[in-house]
Amino acid sequence: MSSFRTLDDLGDVTGKVALVRVDLNLPMKDGSATDVTRVEAVKPTVLELADKGAKVLLLAHFGRPKGQRYSTMSTSFVQGDVEEVLGKEIMFIPEVMGPVVEQSIGILGNGDIGLLDNVRFWPGEEANDPEFAKGMAAHGDFYVNDAFSAAHRAHASTEGLAHFLPAYAGRAMEAELKALDAALGNPEPPVAAVVGGAKVSTKLDVLENLVGKVQHLIIGGGMANTFLAAKGVDVGKSLCEHDLTATANRIMDEADHAGCTVHLPYDVVVAKEFAANPQSLRTCNVHEVAEDEMILDVGPLAVEALGDVLKTCRTLVWNGPLGAFEIEPFDAATIALARIAAALTQDGSLISVAGGGDTVAALAHAGVKDDFTFVSTAGGAFLEWMEGKDLPGVAALKA
Ligand code: ADP
Ligand code: MG
């Protein structure tokens with residue numbers, strides 16, 4: 001793995017100012033956060049720096065203010081949540097540079113924590129304006145990026161700062177990069193990838209990247225229908241992108257050349273309406289889907305066969321549910337395969353890395369989120385990494 005500096009490479013930081021990019025873009029309801037996972041993720045980094053005697057300045061975005069100051073999008077709204085998770089009082093600083101920041105640093109003692117305002121209030125952030133980055137950098141002695149979820153953006157606080165200050169990966173960033181490297185960068189073969197979800201069109205680049213890197217490509221979800229249709233299967237009323245059948249065929253050809261086996265379901269769970277436990281529910285062979293039926297999940301025989309595939313693999317990377325898992329019983333295949341992967345991981349025979357908004361929800365629903373080797377909550381950044389893209393925020397950390 002290309003090397004990057006971590007907190008282990010910091011010397012004595014007593015009294016030094018750390019500019020720490022974190023993800024505090026918390027989901028909110030009625031003025032308070034509904035989920036503080038993102039704060040918990042950066043807690044080790046923030047407390048480690050504070051314990052080492054640094055003055056820690058947290059830098060984050062919150063919502064989409066598009067370069068203007070909106071009182072409703074101030075990071076002060078999450079101050080209380082951050083304090084609660086860290087178990088420490090922090091100082092809110094309503095700027096990201098200038099005299100107010102300078103004075104606040106003077107007030108902070110060693111080991112104290114300050115929270116700067118929403119960095120996206122300033123247009124220089126998203127424009128990655130070097131002058132803006134330089135202005136922020138002037139207040140810090142070093143820069144720590146602990147926000148992998150924002151690393152696919154080349155913004156001043158996610159990329160630009162690394163050009164003006166010594167840059168380090170925080171603990172969450174470090175864990176994420178190690179896990180992703182173990183899953184696709186330098187994985188132990190054989191490698192299986194599960195790609196599910198609604199549409200092929202949103203995951204074309206993911207599929208293109210994976211066929212050259214994995215030995216088994218397991219396609220489920222709505223996108224499997226497009227692949228089945230490309231093979232001449234009548235998928236009835238299923239969600240299917242008929243205009244992408246040529247693309248699907250090309251991906252299958254590429255897989256063939258690369259020695260990657262593409263697994264499509266051969267039995268499926270279908271219904272005539274998209275509702276919980278509908279009257280019309282049945283399981284059938286893919287060749288028996290009626291014209292008024294929709295494929296809503298992978299069938300039990302296919303899941304069993306996929307479980308056998310996973311048993312032969314050392315590494316698994318998973319993005320996208322196998323079925324319309326939000327509605328019962330179309331969560332069955334995702335739950336069953338996730339539990340097999342979790343058990344293999346716990347036995348020590350499989351390294352399993354998963355990510356994606358709905359994927360994380362589905363794994364939590366299956367009760368196995370903590371049994372995978374690593375589950376990324378990064379969303380867009382995780383997907384771009386699965387597409388094989390260089391993430392600017394990660395590239396900037398490389399020594
Ligand atoms: P992630 O957020 O993990 O990247 P996606 O957003 O790509 O995953 O896919 C999740 C969505 O795919 C879910 O809303 C799920 O209902 C839908 N889906 C999965 N299988 C099917 C199917 N057979 N038909 C319609 N929708 C499906
Ligand atoms: Mg999604």
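**View 1. His 155 in the loop between β7 and β8.** In this predicted model, His 155 has its place in the loop that runs between β7 and β8, where helices (H or I, at least four residues) and strands (E, at least two) are DSSP runs numbered from the N terminus. His 155 is buried, with a relative accessible area of 8%; buried means under 20% relative accessible area, exposed over 50% and partly exposed in between, with a 1.4 Å probe and protein chains only. From C-alpha to C-alpha, His 155 and Leu 116 are 16 Å apart in space and 39 residues apart in sequence.

**View 2. Aromatic pairs.** The structure holds four aromatic pairs, a term for rings of Phe, Tyr and Trp (its six-membered ring) whose centres lie within 6.5 Å, with planes under 30 degrees apart counted as stacked, over 60 as edge-to-face and the rest as tilted. The rings of Phe 121 and Trp 122 have their centres 6.0 Å apart and their planes at 50 degrees, so this pair is tilted. Phe 121 is buried, with a relative accessible area of 4%. Phe 142 and Tyr 168 form an edge-to-face pair, at 5.9 Å centre to centre and 90 degrees between the planes. Because Phe 142 lies in strand β7 (residues 142-145) and Tyr 168 in strand β8 (residues 167-169), this pair ties together parts that are 26 residues apart in sequence. Both Phe 142 and Tyr 168 are buried.

**View 3. Arg 5 over the ring of Tyr 168.** Arg 5 lies over the face of Tyr 168, at 5.4 Å from the ring centre; a charge sits over a ring if NZ of Lys or CZ of Arg is within 6 Å of the ring centre and within 35 degrees of the ring normal.

**View 4. The surroundings of ligand 1.** Of the 18 residues around ligand 1, those that come nearest are Gly 197, Lys 203, Glu 326, Asp 358 and Thr 359, a residue being near if one of its heavy atoms lies within 4 Å. A polar side-chain atom of Thr 359 lies 2.4 Å from an oxygen atom of ligand 1, while a backbone N or O atom of Ala 198 lies 3.0 Å from an oxygen atom of the ligand. α12 gives the most to the shell around ligand 1, with three residues.

**Conventions.** Residues are numbered from 1 along each chain as its sequence is written, and chains are lettered from A and ligands numbered from 1 in the order in which they are written. Local features need pLDDT of at least 70 and side-chain atom pairs count only at pLDDT 80 or more, while totals for chains, interfaces and linings use all residues, and side-chain values use heavy atoms, with hydrogens and water left out.

Conventions. A polar contact is a pair of N or O atoms within 3.5 Å; within protein, one must be able to donate a hydrogen and the other to accept it, and residues adjacent in sequence count only if both atoms are side-chain atoms.
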